[in-house]
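Morning, everyone. Please bring up the sequence and the model, and we'll walk through them together.

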Amino acid sequence: SGTVDTSIVGVYTITYTAADASSNQATAVTRTVNVVDTTAPVITLTGDATVTIELGATYTDAGATATDESGDITVTTSGTVDTSIVGVYTITYTATDASGNQATAVTRTVNVVDTTAPVITLIGDNPITIELGATYTDEGATVTDNYDTEISVTTTGSVDSDTVGVYTLTYTATDSSGNTTTATRTVNV
């Protein structure tokens, strides 16, 4: 007598009895059946395992699900993404079932990148015209960036104020993410 429900973790008892033709009963014997769950849950990411987002964008985690023989279980998420700082972030997902079996942790990599080039603003006129033989002093340029606070501007080219002609000065700035921008000024002698 007794039953075992293998779909439910628990301890079950099966009892064996016997009687002969003379109604002599044997001492009952029992068997204990332990239904256990030793299988860990399986975590599945929702969305891509690697995500790239632009600096300053809003990051919404797609999450993950877990399946287990015991039914649906809760997935725990750890890790954060700071979209105001360029970098590589890791979100880790874990799950443990009611029997204490822990799933192999699953991770998502989130790359926060800056693909926006700096902006160069020329100081002074462009184009500019100077008289032959006059002294030319370049007024330079300023640069702003969506991430870096200090970027230098490199100027290439020269102006020979003793020779009539059209000269081009090129201003270049590169931010810490490798985004480069240029601007030019034309100087007419």
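First, a term: buried means under 20% relative accessible area, exposed means over 50%, and partly exposed is in between, using a 1.4 Å probe and protein chains only. Now the ground rules. This is a predicted model, where local features need pLDDT of at least 70, side-chain atom pairs count only at pLDDT 80 or more, and totals for chains, interfaces and linings use all residues. Residues are numbered from 1 along each chain as its sequence is written, and side-chain values use heavy atoms, with hydrogens and water left out.

Start with one residue. Where does Ser-70 sit? In the loop between β5 (64–67) and β6 (76–78). Strands here are DSSP runs of E, at least two residues, and helices are runs of H or I, at least four, numbered from the N terminus.

Next, neighbours. Leaving aside residues up to four places away in sequence, Ser-70 touches Asp-37 and Asp-97. Contact means heavy atoms within 4.5 Å. Thr-44 is 26 residues from Ser-70 in sequence, and their C-alpha atoms are 16 Å apart.

Now the whole chain. The protein chain has zero helices and 14 strands. Its radius of gyration is 37 Å, well over the 16 Å that the globule rule gives for 189 residues, so the chain is more spread out than a compact globule. That radius is taken over C-alpha atoms, and the rule is 2.2 Å times the number of residues to the power 0.38. The C-alpha trace spans about 135 × 20 × 15 Å along its principal axes. Of the 189 residues, 29% are buried.
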